[in-house]
Amino acid sequence: RVVPLAIQGGGAMLDEGCIELMHSGQTAGLAGASPYRVQVIDLKPIRNNPQSGAADRYRLVISDGRHYMHAMLSTSLNPMIQRDGIRALSIVRLDNHIMNNVQNRKVIIILKFALISNDQPQIGHPQQCLP
């Protein structure tokens, strides 16, 4: 099992290398794997058609300081965005996620996470994690 290295920036720690691990299918928080600490680089609401009855979703870009990847938040976690003030440059702990292919692109679906800190400087110079 590969363990990500911790990198620090602005007093916050990220698990460098965890984006590559998630991209390859390793899941945080399950089967003894430690949760991953990542930085939210971008967070945008995706509005659904009100007539569809589906809940709005959030699209995120998450980074481990070396790589970044697109993610979607499970709709059950939407209240945490408002309650905890999670926004761009927040550091979060990913406790559980799955990898999905959406329009021929790998996307992390975040099933459980927690806020570590807000208003951190961007850590590292992440590059897109490519297949």
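Predicted model: local features only at pLDDT ≥ 70, side-chain atom pairs only at ≥ 80, totals over all residues.
Reader: Which residues does His23 touch, not counting residues up to four places away in sequence?
Author: Residues up to four places away in sequence are left out here. Met69 and Met99 are among the residues touched.

Reader: How many residues of strand E5 are buried?
Author: E5 covers residues 67–73. The strand has seven residues and is mostly covered. The buried count is six.

Reader: In which sense do E4 and E5 pair, parallel or antiparallel?
Author: E4 spans residues 57–63. Five bridges link E4 and E5. The sense is antiparallel.

Reader: Which residue in the turn of the E4 and E5 hairpin has a positive phi?
Author: Three residues lie between the two strands. In the turn, a phi of about 95° belongs to one residue. That residue is Gly65.

Reader: What is the bridge partner of His67 in E8?
Author: E8 consists of residues 127–128. E5 and E8 run parallel, joined by two bridges. The partner of His67 is Gln127.

Reader: Which residue in E7 stands opposite Ala71?
Author: E7 runs over residues 105–117. E5 and E7 are parallel, with three bridges between them. Opposite Ala71 stands Ile108.

Reader: What is the volume of the largest pocket?
Author: The lining includes Ile46, Arg57, Arg59, His70 and Met72. Val102, Gln103, Arg105, Val107 and Ile109 also line the pocket. The volume is about 200 Å³.

Reader: Which strand supplies the largest share of the lining of the largest pocket?
Author: E4, E5 and E7 each give at least two residues to this lining. The largest share is three residues. The strand behind that share is E7.

Reader: How many residues of the lining of the largest pocket are charged?
Author: Arg57, Arg59 and Arg105 are among the lining residues. Arg counts as charged. The lining also has five nonpolar and two polar residues. The charged count is three.

Methods
Residues numbered from 1 in each chain as written. Heavy atoms only, no water. Buried < 20%, exposed > 50% of the residue type's maximum accessible area, 1.4 Å probe, protein only. Helix = DSSP H or I, 4+ residues; strand = E, 2+ residues; numbered from the N terminus. Pairing = 2+ DSSP bridges. Contact = heavy atoms within 4.5 Å. 1 Å grid on protein atoms, 1.4 Å probe; cavity = no way out; pocket = protein on both sides within 12 Å on 5 of 7 lines; lining within 4 Å. Points joined across faces, edges and corners; volume = space filled by probe spheres on them.
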